[in-house]
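Subject: Structure for your review

Dear colleague,

Please find below the sequence and structure that I am handing over to you. My findings follow directly after them.

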Amino acid sequence: MSQTSAQSSQKVSNTGTQATRVIGVLAIVVMTWVVISGLSLTSADVVQGESVRIMYVHVPSAWIAYVAFIVTAIASAFYIFAKRHSLGFDRVAGASAEVGVMFMAITLVTGSLWGRLTWGEFWQWDPRLTTTAFLFVTYIGYLAVRRLDGTTEQRAKRSGVVALLAVLEIPLVHFSVVFWRSLHQRATVLDPNGDVKMDGLMLFTLFSGVVGFTLVFMWLVLHRQRTMLLSDLAIERRIDDAILNRQNESVGN
Amino acid sequence: MKKTTSKSRVVSAVLIKDLRIEVRSRVVTNQVLPFAGLIMIMFAFALDNDDVLQRVAGGLIWLATIFSLFVIVQRSFAIDTADSALDSLRVAGIDLSAVFLGKAIALTFQLIALDVVLIASAFLLYQVQVSAIGLVLLVTCVTCATTGLGFVGTLYGGLTAGANGRETLLPLLLLPVVAPVLIAATRATEAAFGSGGAATSEGWAWVGLLTIFAAVFGIGGSLAFGPLIDE
């Protein structure tokens with residue numbers, strides 16, 4: 001095992017730090033407030049009734065999913081274009097994409113349930129929904145590319161390129177779907193783009209949800225990128241050990 | 001000036017190499033074209049209605065093209081990786097964006113040949129009709145759409161070349177990316193056929209979208225292909 005990796009693995013004996021503990025505690029406090037306020041303190045909507053409470057999960061998770069994919073793209077760009085190709089950027093990109101896919105799945109599931117209750121259908125070929133579904137599949141593909149055989153540098157380069165291509169792809173998909181849907185009649189019980197008026201507590205709870213989910217996202221990404229570092233170091237250690245064993249065999253012979 | 005000449009030579013050499021392999025092996029002619037024709041026949045079995053088939057003929061042509069794209073791309077890169085031909089090109093010190101362009105143009109030519117057969121089979125099997133101005137739109141649409149598919153197919157083929165499980169990974173990566181081509185090419189083809197009362201003039205905006213797609217992935221692919229296989 002190389003000296004550098006030995007030092008790094010000693011430094012990263014666990015994935016928690018003072019900062020992540022503070023973020024974790026804050027996330028628990030804010031999310032507890034969102035659950036209490038969202039389920040009991042806020043009133044039901046005049047039109048949508050109790051189903052409006054799905055909004056406190058759906059909107060923040062969609063927000064976090066988009067933020068996660070932006071973080072992935074920015075971190076990938078830093079890895080590819082920076083003079084020193086730091087694998088730290090690649091790990092942040094990968095961790096952010098994993099968390100983003102999870103939040104995007106939550107967005108799609110809660111959106112379908114909400115849609116069933118408000119529009120009468122689980123799914124509509126609305127441009128926003130369709131683009132979100134494409135984004136979800138695209139980042140599942142990104143995660144599959146990260147699991148291809150190869151070194152950590154190959155993984156970083158391949159997945160970095162895919163993340164940047166996704167940035168090119170998403171506007172094209174969104175524009176083509178918007179254009180496509182402009183030729184079709186909408187069939188909604190309730191217009192998904194309708195102007196929703198909210199009272200102060202509902203708006204505050206929604207805002208708290210966004211803050212809470214952002215804290216959860218930060219906590220998850222920080223821990224995940226550190227577990228990725230440990231995983232990379234473990235692979236490196238196995239390779240170093242294999243080389244050392246081979247050298248010892250040669251000396252023994 | 002010398003560099004430009006050298007790049008164009010690499011493009012033409014790779015293009016001729018890929019087309020020569022096809023002429024000698026006849027995989028597209030003997031396997032992919034019958035496969036695409038079978039897809040068109042199977043769609044007819046599944047939909048079982050002449051009016052519906054006429055209405056959706058454009059979409060079926062482009063779905064068959066995209067399914068065939070996976071087969072052609074995997075075949076093209078399987079040949080290159082089997083004997084480490086890509087590694088040889090890489091160590092030869094040539095411009096890898098030229099290799100990308102050469103392979104993309106070769107793939108485009110193969111897709112154009114495929115689409116000619118698919119459109120001909122739509123005329124025969126689905127009884128679609130096209131006017132003179134519709135034919136101009138159709139030819140432009142096929143040119144732009146296959147160019148975009150050629151670029152994006154080569155780029156993602158290079159990405160998954162040599163990887164385990166590339167047969168399943170390639171469709172997973174490519175399908176979301178080619179969705180704009182499927183939508184735009186289908187709408188333009190429907191306008192050319194006049195399906196569902198669509199006017200031919202409606203198709204030109206979709207051809208514009210196909211051109212933007214081809215330009216974006218042509219430039220993006222030229223920049224990204226080198227770093228992707230330079231490992």
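In chain B of this predicted model, 84% of the contacts between residues at least 6 apart in sequence join residues at least 24 apart. Burial can be stated for the chain as a whole: 51% of its 231 residues count as buried.

As to overall dimensions, the C-alpha trace of chain B spans about 55 × 35 × 30 Å along its principal axes. The radius of gyration of chain B is 18 Å, which agrees with the value near 17 Å that a compact globule of 231 residues would have.

The secondary structure of chain B consists of 8 helices and 0 strands. Read from the N terminus, the order of elements is accordingly α-α-α-α-α-α-α-α.

Two helix pairs deserve a description, and α8(B) takes part in both.

Helix α7 covers residues 166-193 of chain B and helix α8 covers residues 203-229; their axes come within 8 Å and cross at roughly 150°. Angles over 145 degrees count as roughly antiparallel, and α7(B) and α8(B) are therefore roughly antiparallel to each other. The crossing in which α7(B) passes α8(B) is left-handed. On the side of α7(B), the contact is made by V177(B), P180(B), V181(B), I183(B), A184(B), A185(B), R187(B), A188(B) and A191(B). On the side of α8(B), the residues are G203(B), W206(B), V207(B), L209(B), L210(B), F213(B) and F217(B). By class, the residues of this contact between α7(B) and α8(B) comprise 14 nonpolar, 1 polar and 1 charged.

The second pair is α6(B) with α8(B). Helix α6 of chain B comprises residues 132-160, and its axis comes within 8 Å of that of α8(B), with a crossing angle of roughly 25°. This angle makes α6(B) roughly parallel to α8(B), as angles under 35 degrees are counted in that way. Here too the crossing is left-handed, with α6(B) passing α8(B). The contact of α6(B) with α8(B) has 19 nonpolar and 9 polar residues, and no charged ones.

Finally, I would draw your attention to one residue of α7(B). T168(B) lies in this helix and counts as exposed because its relative accessibility is 62%, where exposed means over 50%. Between T168(B) and S12(B) there are 156 residues of separation in sequence, and their C-alpha atoms are 31 Å apart in space.

Yours sincerely

Notes: Residues are numbered from 1 along each chain as its sequence is written. Chains are lettered from A and ligands numbered from 1 in the order in which they are written. This is a predicted model: local features need pLDDT of at least 70, side-chain atom pairs count only at pLDDT 80 or more; totals for chains, interfaces and linings use all residues. Side-chain values use heavy atoms; hydrogens and water are left out. Helices (H or I, at least four residues) and strands (E, at least two) are DSSP runs, numbered from the N terminus. Buried means under 20% relative accessible area, exposed over 50%, partly exposed in between (1.4 Å probe, protein chains only). Axes are lines fitted to C-alpha atoms, for helices over the stretch in contact, and angles run from 0 to 180 degrees between N-to-C directions. Angles under 35 degrees count as roughly parallel, over 145 as roughly antiparallel, 65 to 115 as roughly perpendicular and the rest as oblique. A crossing is left-handed if the near helix is turned anticlockwise from the far one by less than a right angle, and right-handed if clockwise. Contact means heavy atoms within 4.5 Å. Ala, Val, Leu, Ile, Met, Phe, Trp, Tyr, Cys and Pro count as nonpolar, Asp, Glu, Lys and Arg as charged, and the others, Gly among them, as polar. The radius of gyration is taken over C-alpha atoms; the globule rule is 2.2 Å times the number of residues to the power 0.38.
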